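Good morning, and thank you for the time. I would ask everyone to look at the sequence and the model on the screen while I speak.

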Amino acid sequence: MEELSFIVGVIGNVISVLVFLSPVGTFWRIVKNGSTEDFESLPYVCTLLSSSLWTYYGITKPGAYLVATVNGFGILAEAVYVVLFLIYAPRKMRVKTGILVGILNVGFLAAAILATHLALEGDTRIDAIGFMCAGLNIIMYGSPLAAMKTVVTSKSVEYMPFFLSFFLFLNGGIWAFYALLEHDIFLGVPNGIGFLLGTAQLILYALYRKARPSNDTISQGLLEQGFQK
């Protein structure tokens with residue numbers, strides 16, 4: 001069973017790295033154009049916080065080094081994305097991003113680490129970190145709901161990239177399976193939800209990939225999309 005867990009964990013690491021690298025095309029466009037355009041920094045700031053907490057969880061929990069290693073890579077990737085946002089965003093967005101980084105990636109993270117490290121011990125500390133990680137992941141996995149709504153209203157999958165949906169589906173599934181093998185509820189619950197949402201996205205993609213929306217429905221979908229300014 002330990003060997004199977006290790007193999008599944010390694011596969012999960014590979015898939016997670018691909019998910020972390022999925023915004024590379026977006027940031028290449030940002031660097032090339034010298035502007036962040038209408039892209040929002042919040043998803044990357046939140047993912048940086050999530051990766052930091054999961055790395056702390058993986059370091060704290062015995063035998064969870066596979067969780068720590070992949071999220072350590074996630075910290076590096078998301079830090080680069082956030083720095084690029086701070087470089088290329090307009091002044092208003094730059095200030096907003098800086099405030100978010102200060103509150104979430106510095107203030108909240110430092111408070112969480114200090115509180116759990118100084119006030120808690122053993123399994124209680126691991127459980128507290130796990131609750132924070134799982135809660136944040138569940139919130140983050142809810143973000144595709146806006147894109148799914150846009151697909152339905154616009155009858156177009158243009159704003160829900162297939163490969164991102166596919167890798168989120170794989171990522172949620174493989175880590176949910178790993179959590180089942182390791183009896184880790186904090187990994188299992190958010191990734192199980194991610195797997196179900198990824199499945200729903202792929203079903204929507206199959207339903208609407210050949211649809212030809214009108215300009216009116218695309219415009220309406222864009223106006224209703226949660227991530228647009």
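I begin with the annotation. In an unreviewed entry, UniProt places the feature "transmembrane region" at residues 6-30, 42-59, 65-87, 99-120, 126-147, 159-179 and 185-208. Please keep in mind that what we are viewing is a predicted model.

Let me turn to the overall organisation. How many helices and strands does the protein have? There are 10 helices and zero strands, so that the pattern along the sequence reads α-α-α-α-α-α-α-α-α-α. Of the 229 residues, 42% are buried. If we take the contacts between residues at least 6 apart in sequence, 79% of them join residues at least 24 apart.

Leaving aside its neighbours within four places in sequence, L53 is in contact with F108, L109, A112, I129, C133 and L136.

I now come to how helices pack, with two pairs as examples. Which residues meet here? On the side of helix 8 they are F162, S165, F166, L168, F169, N171, G172, G173, W175, A176, Y178 and A179; on the side of helix 9 they are L187, G188, N191, G192, G194, F195, G198, T199, Q201, L202 and Y205. By class, this contact comprises 12 nonpolar residues, 11 polar residues and no charged ones.

The second example is helix 4 with helix 5. Here the axes come within 8 Å, crossing at roughly 145°, and helix 4 passes helix 5 in a left-handed crossing. V82, F85, L86 and I87 of helix 4 meet M93, R94, T97, G98 and V101 of helix 5. This contact has six nonpolar, two polar and one charged residues.

To close, I would like to visit a few individual positions, beginning with the loops. S156 sits in the loop between helix 7 (144-154) and helix 8. Is S156 buried or exposed? S156 counts as buried, because its relative accessibility is 8%, and the limit for that class is under 20%. S156 and K210 are 54 residues apart in sequence, yet their C-alpha atoms are 8.2 Å apart in space.

H183 lies in another loop, between helix 8 and helix 9. With 74% relative accessibility, H183 counts as exposed, since that class begins over 50%. The phi angle of H183 is near 55°, a positive value in a residue other than glycine.

A77 belongs to helix 4 and is buried, with a relative accessible area of 9%. A77 and L48 are 29 residues apart in sequence, and 8.4 Å separates their C-alpha atoms.

G135 is found in helix 6. G135 is partly exposed, at a relative accessible area of 29%.

Finally, L196 is located in helix 9, and at 58% relative accessibility L196 counts as exposed. The C-alpha atoms of L196 and G172 are separated by 8.1 Å, with the two residues 24 apart along the chain.

That concludes my presentation, and I thank you for your attention.

Notes. Residues numbered from 1 in each chain as written. Predicted model: local features only at pLDDT ≥ 70, side-chain atom pairs only at ≥ 80, totals over all residues. Heavy atoms only, no water. Contact = heavy atoms within 4.5 Å. UniProt positions renumbered as here; feature names shortened; annotations may be inferred. Helix = DSSP H or I, 4+ residues; strand = E, 2+ residues; numbered from the N terminus. Nonpolar A, V, L, I, M, F, W, Y, C, P; charged D, E, K, R; others polar. Axes fitted to C-alpha atoms, helices over the stretch in contact; angles between N-to-C directions. Left-handed = near helix turned anticlockwise from the far one by under 90°. Buried < 20%, exposed > 50% of the residue type's maximum accessible area, 1.4 Å probe, protein only.
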